[in-house]
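Here's a quick tour of one model, written for someone who likes the cut-offs spelled out. Have the viewer open while you read.

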Amino acid sequence: AFRLWYRFAQPLIGRRHKRILTVSEFSKSELVHYGIAPAEKITVIPNGSDHILRIPPDHTATARLELQDTPYILALANVQFHKNIRILLEAFADPALQHTTLALFGSATKADFESMGHKVPANVRFLGRISDAELAGLMLGGVGFACPSLTEGFGLPPLEAMQLGCPVIAAPCGALPEVCGDAALFADPHDAAAWADHISRLAASEAIRNEMRTKGSRQAEKFTWDRSARRLLRTIADVQNMSVPTELLS
């Protein structure tokens, strides 16, 4: 029913409206590919990520969730196929990561993954739902954030991690290369050994983590809500054939 609704509604939206906004060049290319709207009718206005800096981090979260004594990698606990958390479970079964924890936050549980036939290694922790403040605290204390998705229209969590100085490992799929730039380590989404190798090197090397933090901070600075708002206002002015105020040109 969801797919049928989208197949009906999206082409209608693409035909009716003066301008279609989307969050990445990848998403724009998909809209063009599937005939939703022509390229000249689509404007890319990416999400910002600096909102995460306004959230006071909960520095007690690491200890309260019993992660203080082990290096850990954060990832989303989600059983949707395209999120591809399966590859992380396979990677953390590698003996090279036996002293590193995969900390999965979100609603999916160990039982959910096991019911789908996935083996969950002993070094995987399910944190359940956590607050934004707890997530910020965990990102500040983590070795890295993993995003092995097979596709993403944007990819906000990796950018939020970069804003907080948490190194990112991602799959080179969807909009993730566009959003993460050269600030992430990329691993084949179907190669568990490649993920295990990146994670073990990241956990073992403070120098690599510091390099990734520097690159991540520079990349995240490109995605601010102020910049996105200015693009939106310029787009509205263009659609309405209005002159663009000088302060929006910067």
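## Helix α11

How many residues does helix α11 have, and what does it reach from its first C-alpha to its last? Spanning residues 225–239, α11 has 15 residues and reaches 21 Å, close to the 21 Å expected at 1.5 Å a residue (1.5 Å times one less than the number of residues). Helices are DSSP runs of H or I with at least four residues, strands are E runs of at least two, and both are numbered from the N terminus.

Ser228, Thr235 and Ala237 are the buried residues of α11 (under 20% relative accessible area, 1.4 Å probe, protein chains only; exposed is over 50%, partly exposed in between). They pack against β1 (20–22) and β2 (42–44), with contact meaning heavy atoms within 4.5 Å. Just past the helix, Asn241 has a positive phi of about 55 degrees.

## Ground rules

This is a predicted model, where local features need pLDDT of at least 70 and side-chain atom pairs pLDDT 80 or more, while totals for chains, interfaces and linings use all residues. Residues count from 1 along each chain as its sequence is written, and side-chain values use heavy atoms, leaving out hydrogens and water.

## The cores

A nonpolar core is a set of buried Ala, Val, Leu, Ile, Met, Phe, Trp, Tyr and Cys residues joined through side-chain atoms within 4.5 Å. The largest one has 31 residues, and Leu74, Leu138, Met139, Phe145 and Met162 have the most contacts inside it. Helix α6 gives the largest share, four residues.

Met162 touches Val168 and Cys180, among others. A second, separate core has 29 residues, including Leu104 and Val143.

Methods: Lists of a residue's contacts leave out its neighbours within four places in sequence.
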